[in-house]
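This report looks at selected salt bridges and at one helix. Please keep the sequence and the model in view while reading.

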Amino acid sequence: MSGTANNYAVEARDLTRRFGNFTAVDRITIAVRRGEVFGFLGANGAGKTTAIRMFCGLLKPTSGEGRVAGLDIMRESEKIKRRIGYMSQKFSLYDDLKVKENLHFFGGVYGLPDGELQTRLKESLARFNLESVEHEMTERLPPGWKQRLALGCALMHDPEIIFLDEPTGGVDPVARRHFWDIIHGLAAAGKTVFVTTHYMDEAEYCDRISIMHRGRLIALDTPANLKKKMQKATVQDLFVDLIRSEDTA
């Protein structure tokens, strides 16, 4: 994959992860462009989270190649962690801290000097409309607000690539749509957003999508092209058809 670092934010070639005899991710190959909103779709257990953890430097691949921000995921995982933002599918902030305190804590974890940290904190509160709740205990926030706060914390160090692992799980449809408005705002500002989801309707908000099933990548293209190719009206319909075909085969 040499020579592509300037063109792609995330790359993988035959990327594989096994746990004993179980293959969670089976030789996937992708290339995500800089500034792209890339959807990583699949049912629960399809291998999405395992793949994203490899890209984030949190899990070593069994075999294959991968690069994130031009850095090798095998040898440069610590450097990768400083260049990306990561929001896990489980709410990972501190419920016993106030909203503002969580942002301050994560800014400190990312090593921001105090002056820059204060500036970023104010920007995050404004960007995610958290100013009215900045002194609220995090545990009291509704799920949609917690998700906004988690994203704000992941962006405190202004990363160039953002990995979102099922960021809208458990929130209502209005909050989900608002969250996607934020995602598109990030992409418009030049960020690369790599998002996993099992909500098929969210695929329509992505520039391109891939579909995983049992650890393998079974489709990759724009939502419009995939629907046209499969002659389906929605991504939900083509997803169901693809999965049925794979299971039958």
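The model is a predicted one. R214 forms a salt bridge with D247, and their closest N and O atoms are 3.5 Å apart. R214 sits in the loop between β9 and β10, while D247 belongs to helix α8, so the bridge ties together parts that are 33 residues apart in sequence. D247 is partly exposed, with a relative accessible area of 39%.

Salt bridges that share partners also join R33, E36 and R208 into one network. In total, the structure holds 20 salt bridges. Three of the pairs are listed here.

| Pair | N to O distance |
|---|---|
| E160 and R34 | 3.4 Å |
| R214 and D247 | 3.5 Å |
| D181 and R177 | 3.6 Å |

The salt bridge between E160 and R34 links distant parts of the chain, 126 residues apart. E160 is in the loop between α5 (143-154) and β7 (161-165), and R34 is in the loop between β2 (22-33) and β3 (37-41). Both side chains fall in the middle class of accessibility: E160 is partly exposed at 28%, and R34 is partly exposed at 36%.

The salt bridge between D181 and R177 lies within one helix, α6 (residues 173-188). An α-helix has 3.6 residues a turn, so residues three or four places apart point the same way. D181 is partly exposed, with a relative accessibility of 44%. R177 is also partly exposed, with a relative accessible area of 44%.

Which residues of α7 (residues 223-230) are buried? They are P223, L226 and K227. Seen down the axis of α7, these buried residues fall within an arc of 95°, so they line one face of the helix. The face turned away from the buried side carries the exposed residues A224, K228 and K229.

What covers the buried residues of α7? The cover includes the strands β9 (208-213) and β10 (216-221), together with helix α8 (235-248). After α7 comes Q231, which has a positive phi, near 55°.

Terms used: Residues numbered from 1 in each chain as written. Predicted model: local features only at pLDDT ≥ 70, side-chain atom pairs only at ≥ 80, totals over all residues. Heavy atoms only, no water. Buried < 20%, exposed > 50% of the residue type's maximum accessible area, 1.4 Å probe, protein only. Helix = DSSP H or I, 4+ residues; strand = E, 2+ residues; numbered from the N terminus. Arc of directions from axis to C-beta. Contact = heavy atoms within 4.5 Å. Salt bridge = Lys/Arg side-chain N within 4 Å of Asp/Glu carboxyl O.
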